[in-house]
Amino acid sequence: MIARLKGILAEKDTQAVIIDNGGIGYQVLVPLSTFYTLPEVNQPVSLYIHTHVREDALLLFGFQTPLEKEIFLMLISVSGIGPKLAINILSGIGPEDLLQAMARGDSLRIRAIPGIGKKTAERIALELKDKALRMAGDQPAAAAGVSVQADKHVLDDALSALLNLGYPAKSASRAIDVARAGLKEITLEGLIKAALKILA
């Protein structure tokens, strides 16, 4: 089982990255919270890994911090939540906010995440509240975003991230436009977070 992977970041997008290690390219699915912290392509990278084995595939899920991985493992312990949905949940709210919502048993906040229905949100709030309360006092500070020029590439990446989370194209595009207008400094992380708040 792969628990940690170090190598060169060969490719990256808002859903997955490819890490070159010893001439082998490993595809790793990542949440947006990890994507924000990635270095530029061709730079060294190290991620905590969860190895998910299915009959037809071996999937790697990567995380920048132990907290993200721990929350991911908590989520997939809930009935009806698979690893890809857990990644989408982390992308839709962020690990620190999600941890606080779970600790409060705030099913309404969890339900606001795209792809999460009422019953699933209630299961998360009920089953993970005690674990989240124990973890909440030891959460690390949120990683700072890397400033990038607000060009078409950044806007396209932000739109792609929102579409991947399940938001309609028209609503996502409008939210990005509103978010962009309200930000003094445009970063990909800041743009996506602001758009998510508008869409919530």
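Biologist: How do S3 and S5 pair, parallel or antiparallel?
Modeller: In this predicted model, strand S3 (residues 24-29) pairs with S5 in the parallel sense, and the pairing runs over two bridges. Within S5, Leu 60 is the residue that stands opposite Val 28.

Biologist: And what about S4 and S5, how many bridges join them?
Modeller: Strand S4 (residues 44-53) runs antiparallel to S5, with six bridges joining the two, and a hairpin of four residues leads from S4 to S5. His 52 has Leu 59 in S5 as its bridge partner.

Biologist: Is S5 mostly covered or mostly open?
Modeller: Strand S5 (residues 58-63) is mostly covered, since five of its six residues are buried.

Biologist: Switching to H8, which residues are buried there?
Modeller: Ala 172, Ala 175, Ile 176 and Ala 179 are buried in H8. Looking down the axis of H8, these buried residues fall within an arc of 100°, so they line one face of the helix.

Biologist: Why would a spacing like that put residues on one side?
Modeller: An α-helix has 3.6 residues a turn, so residues three or four places apart point the same way.

Biologist: Which exposed residues are on the face turned away?
Modeller: Lys 170 and Ala 181 are the exposed residues carried by the face of H8 turned away from its buried side.

Biologist: Last one, where is Ile 113, and what does it contact?
Modeller: Ile 113 is in the loop between helix H5 (107-111) and helix H6 (118-136), and it is buried, with a relative accessible area of 2%. Leaving aside neighbours within four places in sequence, Ile 113 is in contact with Asn 88, Ile 89, Gly 92 and Ile 93.

Conventions. Residues numbered from 1 in each chain as written. Predicted model: local features only at pLDDT ≥ 70, side-chain atom pairs only at ≥ 80, totals over all residues. Heavy atoms only, no water. Buried < 20%, exposed > 50% of the residue type's maximum accessible area, 1.4 Å probe, protein only. Contact = heavy atoms within 4.5 Å. Arc of directions from axis to C-beta. Pairing = 2+ DSSP bridges.
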